[in-house]
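Thanks for making time, everyone.

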Amino acid sequence: MPELPQLLLFIAAGWLLNLTPGPDVLCIVNHALRGGVRPGVAAALGIVSGCFVHVVAAAVGVSALLATSATAFTVLKWVGAAYLVFMGVRLLRSRPSPLAVAPALAVPSLWRVYQRGFLTNVLNPKVALFFLAFVPQFIPPDAPHKAWTFLVLGLIFNLNSLPINLGYAWLAAWAARRLDAVQKAMHWLDRAAGLMFLGFGLRLAMTDHPAS
């Protein structure tokens with residue numbers, strides 16, 4: 001496991017990243033605005049469940065990659081760094097987008113909402129790319145079992161995301177008539193997360209292969 005300062009940084013970064021609006025947050029907010037807290041919670045649970053699929057798949061891939069050539073490591077390093085920098089720039093350049101309460105339509109069953117949240121994450125390749133670019137930066141180069149370390153960090157990341165996702169469900173149900181204030185808060189979260197993405201992207205670009 002990473003040392004305590006690195007672990008605390010990982011947890012703090014995970015919280016900030018989960019606070020940043022994205023497809024997951026929009027899925028939760030949409031169901032909560034339409035049907036209240038319970039559909040929002042069901043969507044949040046589905047999204048967190050979908051994250052575990054990516055964590056397991058990425059752990060297997062990362063453990064194999066770190067055991068292969070420096071060339072393979074370098075390719076993943078630069079792809080991950082480019083992705084993080086791209087995300088950071090896009091978030092910094094983002095502009096507030098208008099939010100609107102969903103029309104009063106029939107609310108699907110909670111199980112159906114859970115499935116939608118699950119598929120929102122499982123079928124999004126950007127989630128897999130994020131885990132491949134972000135989590136390995138916190139794995140010590142001399143870790144004897146990198147795959148297990150990745151799984152533990154992924155578990156921590158997902159468990160930390162749960163209260164935030166549930167909070168979004170509650171906030172959306174509560175703030176259905178206060179969307180302007182929520183929109184401004186999300187915009188500033190975009191900027192903070194954008195700076196952090198840039199920092200992690202630059203840090204990843206300067207990372208050497210563990211064998212060196």
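Before I get to the first stretch, one term: pLDDT is the predictor's confidence in each residue, on a scale from 0 to 100. We need it because this is a predicted model, and residues 98–105 stay under 50 on that scale. For that stretch the model has 13 contacts beyond four places in sequence, so please keep the score in mind if you look at them.

How does the rest of the chain score? The average pLDDT is 75, and 67% of the residues score at least 70. Going by elements, helix α7, residues 146–174, has the highest mean, at 88. Helix α8, residues 179–205, has the lowest, at 66.

Okay, the fold. We've got eight helices and zero strands. Of the 212 residues, 43% are buried. And if you take the contacts with a separation of 6 or more, 86% of them are between residues 24 or more positions apart.

Now the inside. The largest nonpolar core has 20 residues, and the ones touching the most other members are Phe10, Phe131, Phe134, Val135, Phe150 and Leu153. Helices α1, α3, α6 and α7 each supply at least two residues of this core, with α1 giving the most, five. There's also a second, separate core of 15 residues, and Val29, Ala43, Ala44 and Ile164 are among them. As a general point, nonpolar side chains in soluble globular proteins tend to be buried together.

On to a helix pair. How do α2 and α5 cross? Their axes come within 10 Å and cross at roughly 165°. Over 145 degrees counts as roughly antiparallel, so that's what α2 is to α5. The crossing is right-handed. On the α2 side, the contact is made by Pro23, Asp24, Cys27 and His31. On the α5 side, look for Val113, Arg116, Gly117, Thr120 and Asn121.

Is Tyr114 buried or partly exposed? Its relative accessible area is 23%, and buried means under 20%, so Tyr114 counts as partly exposed. Leaving aside neighbours within four places in sequence, Tyr114 is in contact with Ala42, Leu45, Gly46 and Ser49. Also check Ala43: Tyr114 and Ala43 are 71 residues apart along the chain, yet their C-alpha atoms are separated by 4.8 Å. And Ala43, remember, belongs to that second core.

That's my tour. Over to you.

Definitions and conventions. Residues numbered from 1 in each chain as written. Predicted model: local features only at pLDDT ≥ 70, side-chain atom pairs only at ≥ 80, totals over all residues. Heavy atoms only, no water. Helix = DSSP H or I, 4+ residues; strand = E, 2+ residues; numbered from the N terminus. Contact = heavy atoms within 4.5 Å. Core = buried A, V, L, I, M, F, W, Y, C linked by side-chain atoms within 4.5 Å. Buried < 20%, exposed > 50% of the residue type's maximum accessible area, 1.4 Å probe, protein only. Axes fitted to C-alpha atoms, helices over the stretch in contact; angles between N-to-C directions. Parallel < 35°, antiparallel > 145°, perpendicular 65-115°, else oblique. Left-handed = near helix turned anticlockwise from the far one by under 90°.
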